[in-house]
Amino acid sequence: MAWSSPRTWTTGEIVTAALMNTHLRDNLNVLNPNSFTYIHAPGAVLSAGSVTYVRFPYAACLQIVEAVTDGASPVEFRFSKDSYANFPPASDTDAIDGSSPLNTGSARKQQITTLGTWSPSLADGDYLGIHIVAASGVTWTSIGVEFNRT
């Protein structure tokens, strides 16, 4: 999302939600994106099936996801979402990462800035599941997620 020049309002103009979203909400999101980082504590070797959940207290849209790890072996992550009523989200049936899961490869890192095949929208109260699908010889990982409030 890019900055758009703020509108010059005229006397008597009717203010609509679409105008306010474009000129106020979207520009505030550009100035103040939200993010969180999940760090799996070192000590044990990570394995497929490890998962963590993050609750979103408001509607949001994911913008960027990234991961770094300590091992030379690739780690593949799947992202899923579900409501509180349907918790926990499953890595397969509730997946939101489309055909491009996050995979660190031998570079030990990956950043996805274009979530083209993803379903990045989260509703107020949704849980985001971060699932390790494949890992070998890795003892820690850090996952960063940037999102805009919608």
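The charged end of Arg 7 sits over the ring of Trp 9, at 5.4 Å from the ring centre; a charge counts as sitting over a ring if NZ of Lys or CZ of Arg is within 6 Å of the ring centre and within 35 degrees of the ring normal. The model is a predicted one, in which local features need pLDDT of at least 70 and side-chain atom pairs count only at pLDDT 80 or more, while totals for chains, interfaces and linings use all residues. Residues are numbered from 1 along each chain as its sequence is written, and side-chain values use heavy atoms, with hydrogens and water left out.

Arg 7 also forms a salt bridge with Glu 13, the closest N and O atoms being 2.3 Å apart; the term denotes a side-chain nitrogen of Lys or Arg within 4 Å of a carboxyl oxygen of Asp or Glu. Arg 7 is partly exposed at 34% relative accessible area, and Glu 13 is partly exposed at 22%. Here buried means under 20% relative accessible area, exposed over 50%, and partly exposed in between, with a 1.4 Å probe and protein chains only. A second example of a charge over a ring is Arg 149, which lies over the face of Tyr 58 at 4.1 Å from the ring centre.

The secondary structure of the protein chain comes to one helix and nine strands. Helices (H or I, at least four residues) and strands (E, at least two) are DSSP runs, numbered from the N terminus. From that terminus on, the elements run α-β-β-β-β-β-β-β-β-β. The C-alpha atoms fill a box of roughly 65 × 35 × 25 Å, taken along the principal axes. Of the 150 residues, 33% count as buried. Among contacts with a separation of 6 or more, 79% are between residues 24 or more positions apart, contact meaning heavy atoms within 4.5 Å.

Four strands form an open sheet in the order β2-β8-β4-β5, with antiparallel pairing; two strands pair if DSSP finds at least two bridges between them. Strands β2 (51–55) and β5 stand at the edges with a single partner strand each, so one side of each is left without a neighbour in the sheet. Two bridges join β4 to the antiparallel β5, and Phe 77 has Leu 102 in β5 as its bridge partner. Elsewhere, strand β3 (residues 60–69) and β9 pair in the antiparallel sense over nine bridges, and Ala 67 stands opposite Ile 143 in β9. Strand β9 (residues 141–149) is largely enclosed by the rest of the structure, because seven of its nine residues are buried.

The salt bridges number two by the rule given above. Asp 97 is buried, at 0% relative accessibility. Gly 98 has its place in the loop between β4 and β5, and is partly exposed with a relative accessible area of 38%. Leaving aside neighbours within four places in sequence, Gly 98 is in contact with Arg 78, Thr 117 and Trp 118. Gly 98 and Thr 8 are 90 residues apart in sequence and 40 Å apart in space, C-alpha to C-alpha.

The structure holds five aromatic pairs. Rings of Phe, Tyr and Trp (its six-membered ring) pair if their centres lie within 6.5 Å; planes under 30 degrees apart count as stacked, over 60 as edge-to-face and the rest as tilted. Phe 56 and Phe 147 form an edge-to-face pair, 4.9 Å centre to centre with 70 degrees between the planes. This pair joins distant parts of the chain, with Phe 56 in the loop between β2 and β3 and Phe 147 in strand β9, 91 residues apart. Both Phe 56 and Phe 147 are buried. Phe 79 and Trp 118 form a tilted pair, 5.2 Å centre to centre with 45 degrees between the planes. Phe 79 lies in strand β4 and Trp 118 in the loop between β6 (109–112) and β7 (121–122), 39 residues apart. Phe 79 is buried, as is Trp 118. Tyr 53, Phe 87 and Tyr 127 form one aromatic cluster.
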